[in-house]
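Subject: Structure handover and notes on a domain interface

Dear colleague,

I am passing on the structure below, and I would be grateful if you could read the notes beside it.

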Amino acid sequence: MAAEIHSRPQSSRPVLLSKIEGHQDAVTAALLIPKEDGVITASEDRTIRVWLKRDSGQYWPSIYHTMASPCSAMTYHHDSRRIFVGQDNGAVMEFHVSEDFNKMNFIKTYPAHQNRVSAIIFSVTSEWVVSTGHDKCVSWMCTRSGDVLGRHVFTSWASCLQYDFDTQYAFVGDYSGQITLLKMEQNTCSVITTLKGHEGSVASLWWDPIQRLLFSGASDNSIIMWDIGGRKGRTLLLQGHHDRVQALCYLQLTRQLVSCSSDGGIAVWNMDVSREEAPQWLESDSCQKCEQPFFWNIKQMWDTKTLGLRQHHCRKCGQAVCGKCSGKRSSYPSMGFEFQVRMCDSCYDSIKDEDRTSLATFHEGKHNISHMSMDVARGLMVTCGTDRVVKIWDMTPVVGCSLATGFSPH
């Protein structure tokens with residue numbers, strides 16, 4: 001496990017309320033049932049389970065359904081009590097849950113993909129099921145007829161999905177590290193733009209339609225905030241995790257971002273502060289501080305009779321610098337650097353002690369997190385992962401009691 005970051009004393013932490021164990025393989029999705037003491041889980045062990053809290057305080061499976069293939073993705077619509085489960089064989093299956101959550105009826109199967117389903121979203125207004133898969137495509141299907149309305153193919157595995165229900169725009173992250181913005185129609189779609197910023201596969205997305213902000217987490221351990229609605233297309237980099245960022249949730253009310261990584265790290269980022277964009281890295285044939293040549297600058301090395309140096313970059317100004325001119329390290333939270341990164345000497349000297357005050361809190365989930373979801377109204381979070389354990393957390397000590405007015409989790 002990676003060490004926690006302690007930039008300042010922490011007194012408030014997520015409170016573990018319950019642990020649910022019983023799955024025989026990795027739990028790929030866990031969703032809290034709104035207004036109920038219940039959780040729906042899907043697993044690689046080919047089961048979907050609905051867990052309800054009993055008088056004893058323990059969670060017991062009220063529904064235990066075995067699928068034909070490992071379950072790889074899931075979404076649940078509470079008002080209609082419809083569950084959509086994606087499978088390793090590429091199919092998406094729809095179920096309807098009874099009002100008492102003790103029975104689940106099969107509705108239909110959608111021929112969504114030719115390979116593992118990675119994400120599903122259900123739009124009740126358009127009666128569409130939108131999904132992505134490892135067959136490198138996004139599909140959208142009609143829930144009335146069960147037919148596939150359209151597909152769009154990418155060059156890499158499609159790994160995650162977000163959807164704007166009002167405009168029918170879809171955001172699709174893939175294993176190449178890019179995010180594609182699609183405008184979906186009844187039977188066609190068009191590519192609006194592609195967002196490139198990650199150096200690893202995109203593992204998670206979160207779309208906030210109110211502020212029109214898109215958050216992406218990736219295997220490069222970083223998060224990027226894309227200001228889709230802003231005229232300047234501002235992007236902010238957040239670096240505080242030590243492993244792949246697997247799940248995101250933006251709390252619009254308190255302007256906080258909750259993120260989880262595969263090493264068990266849980267981070268809560270304060271987005272209600274002034275933040276700076278990380279600079280683009282500049283390119284140069286010589287150090288932009290001392291003007292010593294880099295090792296590929298043969299002409300200057302010959303002219304000055306010196307050995308070339310290795311190129312680095314200052315994370316604050318973006319200048320290309322040598323090791324001697326960038327020997328210091330510092331955190332710089334307003335630019336998203338919660339741990340120490342390389343700085344040139346002049347940038348390091350310009351940073352004050354108060355500039356190093358953390359703008360995030362970091363906590364340890366103590367299990368390998370592959371999926372997270374939140375019930376914002378109650379301040380609850382559920383995490384699950386490859387250790388086959390599901391954990392339910394009270395997040396109100398971290399994100400604020402205003403999210404959970406009138407709710408007592410204990």
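The model is predicted, so to speak of local features we need pLDDT of at least 70, side-chain atom pairs count only at pLDDT 80 or more, and totals for chains, interfaces and linings use all residues. Residues are numbered from 1 along each chain as its sequence is written, and side-chain values use heavy atoms, with hydrogens and water left out.

The domain assignment, whose bounds come from an automatic or database source, divides the protein chain into domain 1 (15-275 + 360-399) and domain 2 (298-356). Their centres, taken over C-alpha atoms, are 38 Å apart.

In contact terms (heavy atoms within 4.5 Å), 11 residues of domain 1 meet 7 residues of domain 2. About 650 Å² is buried between the two domains, 52% of it on carbon and sulfur atoms, where buried area is the accessible area (1.4 Å probe) that two parts lose on being put together, summed over both. Of the area that domain 1 buries against domain 2, L237, Q239 and R275 supply 64%, more than any other three residues.

Across this interface the rule finds 0 salt bridges, a salt bridge being a side-chain nitrogen of Lys or Arg within 4 Å of a carboxyl oxygen of Asp or Glu.

On the side of domain 1 that touches domain 2, strand 21 (235-239) and strand 29 (360-364) each supply at least two residues, strands being DSSP runs (E, at least two residues) numbered from the N terminus. Strand 21 gives the largest share of that side, 3 residues.

Best regards

Conventions. Helices (H or I, at least four residues) and strands (E, at least two) are DSSP runs, numbered from the N terminus.
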